[in-house]
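Subject: Structure handover

Hello,

I am passing on the structure we talked about. Please look through it first; my notes follow below.

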Amino acid sequence: ELIPLFRINQNDGGCYFSKACVVSRDPDNPDDLDKENVGIYRVMVQGRDTLGMQGLPYHDFARHLKIAEEKDMPLPVAICIGNPPLLTTMAATPLAYDQSEYKATSAVMGEPLELTTAMESNLNVPATAEYVIEGEVIPRQRFCEGPFGEFPGSYSGVRNQIRIKVKRVTHRRNPIH
């Protein structure tokens, strides 16, 4: 396989990408880069070209998804694995809807974070990411995802969550996972 897969916790429902940064953009404001979201969401491998993801209603991602589904359009996403640790921290930090995780990361680092444009969409992704998985959320359809071992040691149950259809995977030479 292209990306090594493993169960993170013994009783997980499948293989997950942990600490992946998921990038999405507000479909109503695609040119407003402050409304481009970088978030940490659990991503379950469900097939060769399908991923399940939990994006809860209070996440910025859910706001993007709601807008896309109201327009009956798929939502482009980029799932970035092997990111700068500070970006991962900022992606897990609750910022305002119009506050950029990329800008916040750069401000704390004291220097710009190098970004590049994803190949299948206009999404910004970290230029140093080891892997970038690009795809689209299948609109208005939900599929079983879970269970997953959460950080306090408990397991969340199986829930109906979104499914992402993978379109492309890019990676650095000799990527580290």
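The lining of the largest pocket divides into 16 nonpolar, eight polar and five charged residues, where Ala, Val, Leu, Ile, Met, Phe, Trp, Tyr, Cys and Pro count as nonpolar, Asp, Glu, Lys and Arg as charged, and the others, Gly among them, as polar.

This is a predicted model, in which local features need pLDDT of at least 70 and side-chain atom pairs count only at pLDDT 80 or more, while totals for chains, interfaces and linings use all residues. Residues are numbered from 1 along each chain as its sequence is written, and side-chain values use heavy atoms, with hydrogens and water left out.

Of the 29 lining residues, Ile40, Tyr41, Arg42, His59 and Ala92 lie nearest the centre of the largest pocket. Strand S3 (36-40) gives the largest share of the lining, four residues. Strands and helices here are DSSP runs numbered from the N terminus (strands E, at least two residues; helices H or I, at least four).

Next, the strands. Opposite Ile162 in S13 stands Met53, and opposite Ile164 stands Val137.

The largest nonpolar core has 22 residues, and Phe17, Leu51 and Phe61 have the most contacts inside it. Such a core is a set of buried Ala, Val, Leu, Ile, Met, Phe, Trp, Tyr and Cys residues joined through side-chain atoms within 4.5 Å. The largest share of this core, four residues, comes from S6. Beyond four places in sequence, the contacts of Phe17 (heavy atoms within 4.5 Å) include Leu51, Ile81 and Ile133.

Last, Glu69, which sits in helix H1 (residues 60-70). Glu69 is buried, with a relative accessible area of 13%; buried means under 20%, exposed over 50% and partly exposed in between, with a 1.4 Å probe and protein chains only. Outside its sequence neighbours within four places, Glu69 is in contact with residues including Ile138 and Arg142.

Regards

Technical notes. Pairing = 2+ DSSP bridges. 1 Å grid on protein atoms, 1.4 Å probe; cavity = no way out; pocket = protein on both sides within 12 Å on 5 of 7 lines; lining within 4 Å.
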